[in-house]
Amino acid sequence: MTKRRWQDIAVGLVVPVVAVAVWQWVVSQGWVNEHVLPSPLQVWHKWVAYLLPLQDYPTWHEANGGGRLAWMVSGELINDAIGSLYRVIVGFLVGTALALPIGLAMGASRIAHAWLNPLFQLLRPIPPIAYIPMSMLWFGLGNPPAFFLIALGAFFPVLMNTIAGVRQVDGIYLRAARNLGAGGTTMFVRVILPAAVPYILTGMRVGIGTAFIVVIVAEMIAVNNGLGWRISEAREYFWSDKIIAGMITIGLLGLAIDVGMNKLNNYLLRWHRGLEH
């Protein structure tokens with residue numbers, strides 16, 4: 001990393017560190033009930049316990065077999081995080097795979113847009129959470145309703161950004177391509193689609209963020225594992241420290257996903273930045 005990058009990270013950490021310090025001070029002064037708002041130290045201890053294996057290695061090995069690596073990743077936190085990420089990835093891929101061709105068709109064809117836009121504008125304001133009862137009736141419990149809800153959450157951001165990207169291609173590019181003799185297919189593949197890629201990637205970044213929000217809600221209701229389910233379980237037993245530990249884990253995973261998507265966008269759009277600069 002460059003010196004400037006380290007400086008940006010240090011500046012970005014100032015507010016969180018101050019917030020945690022104030023939080024610790026408020027709790028230590030007894031201004032709030034520790035059962036309602038546990039201190040950062042309590043949350044840290046619970047987060048570590050949530051991360052570590054529940055049993056010592058000999059006991060776990062006798063019951064489950066496997067080596068030390070499998071034992072090291074046998075903690076609740078790791079298994080819950082893996083379950084949530086699996087659902088996010090599958091649901092996001094399904095939603096994106098459906099949204100991209102529909103969005104490209106609606107952006108490129110006035111007829112397709114005229115036929116499909118009223119339906120999608122009607123469905124778009126409905127939050128995925130509203131589909132939870134129907135998803136449980138249609139798919140039962142477990143992963144299928146979670147996949148459906150996550151795909152729905154990712155579908156509309158990708159769809160709308162794809163449509164916008166195709167429809168807002170600069171007319172200069174289109175006229176230049178026509179003057180060079182480009183046909184319909186060549187125009188779409190070589191001009192319209194590359195010009196729409198920044199919009200599409202932005203929609204995917206928003207979509208995966210929405211998918212991560214939806215998976216937590218879906219796990220609280222329709223699934224019996226994952227970060228959302230674990231937070232719901234902790235709520236029933238009033239384990240406030242475990243609730244906050246789960247929330248922090250969600251934030252860290254969401255941040256990691258967003259950083260990864262941003263790096264992917266920068267890599268795929270390096271040609272675009274090169275044209276601008």
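Predicted model: local features only at pLDDT ≥ 70, side-chain atom pairs only at ≥ 80, totals over all residues.
Which residues line the second largest pocket?

Residues are numbered from 1 along each chain as its sequence is written, and side-chain values use heavy atoms, with hydrogens and water left out.

Let me begin with the overall fold. The protein chain has 13 helices and zero strands, where helices (H or I, at least four residues) and strands (E, at least two) are DSSP runs numbered from the N terminus. Of its 277 residues, 36% are buried; buried means under 20% relative accessible area, exposed over 50%, and partly exposed in between, with a 1.4 Å probe and protein chains only. For contacts between residues at least 6 apart in sequence, 65% join residues at least 24 apart, a contact being heavy atoms within 4.5 Å.

I return to the opening question. The second largest pocket is lined by Val20, Trp23, Gln24, Pro40, Leu41, Val43, Trp44, Trp47, Ile248 and Leu252. A pocket here is an open set of points on a 1 Å grid over the protein atoms alone, where a 1.4 Å probe fits, with protein on both sides within 12 Å along at least five of seven lines; lining residues have an atom within 4 Å of a point. H1, H2 and helix H12 (240-268) each supply at least two lining residues, and H2 gives the largest share, five residues.

Between helix H1 (3-28) and helix H2 (40-51) runs a loop that holds Trp31. Is Trp31 buried or exposed? Trp31 counts as exposed, because its relative accessibility is 57%.

With 19% relative accessibility, Pro128 counts as buried. Beyond its neighbours within four places in sequence, Pro128 is in contact with Leu149, Leu152, Gly153 and Val214. The C-alpha atoms of Pro128 and Leu149 are 5.8 Å apart, although 21 residues separate the two along the chain.

Helix H6 itself includes His113. That histidine, His113, is buried at a relative accessible area of 19%. Not counting residues up to four places away in sequence, His113 touches Met106, Pro118, Ile163 and Arg167.

I turn finally to charged pairs. How many salt bridges does the structure hold? The structure holds six, a salt bridge being a side-chain nitrogen of Lys or Arg within 4 Å of a carboxyl oxygen of Asp or Glu. In one of them, Glu76 pairs with Arg230, the closest N and O atoms being 3.4 Å apart. Glu76 lies in helix H5 (residues 76-108) and Arg230 in helix H11 (residues 227-236), so this pair ties together parts that are 154 residues apart in sequence. Arg230 also meets Glu233 in a salt bridge, at 3.4 Å from N to O. Arg230 and Glu233 are separated by about one helical turn, because they are three residues apart in helix H11. Both Arg230 and Glu233 are buried. A network of salt bridges links Glu76, Asp80, Arg230, Glu233 and Lys242.

Another salt bridge joins the side chains of Asp258 and Arg205, at 2.9 Å from N to O. Asp258 is in helix H12 and Arg205 in helix H10 (residues 184-222), so the pair ties together parts that are 53 residues apart in sequence.
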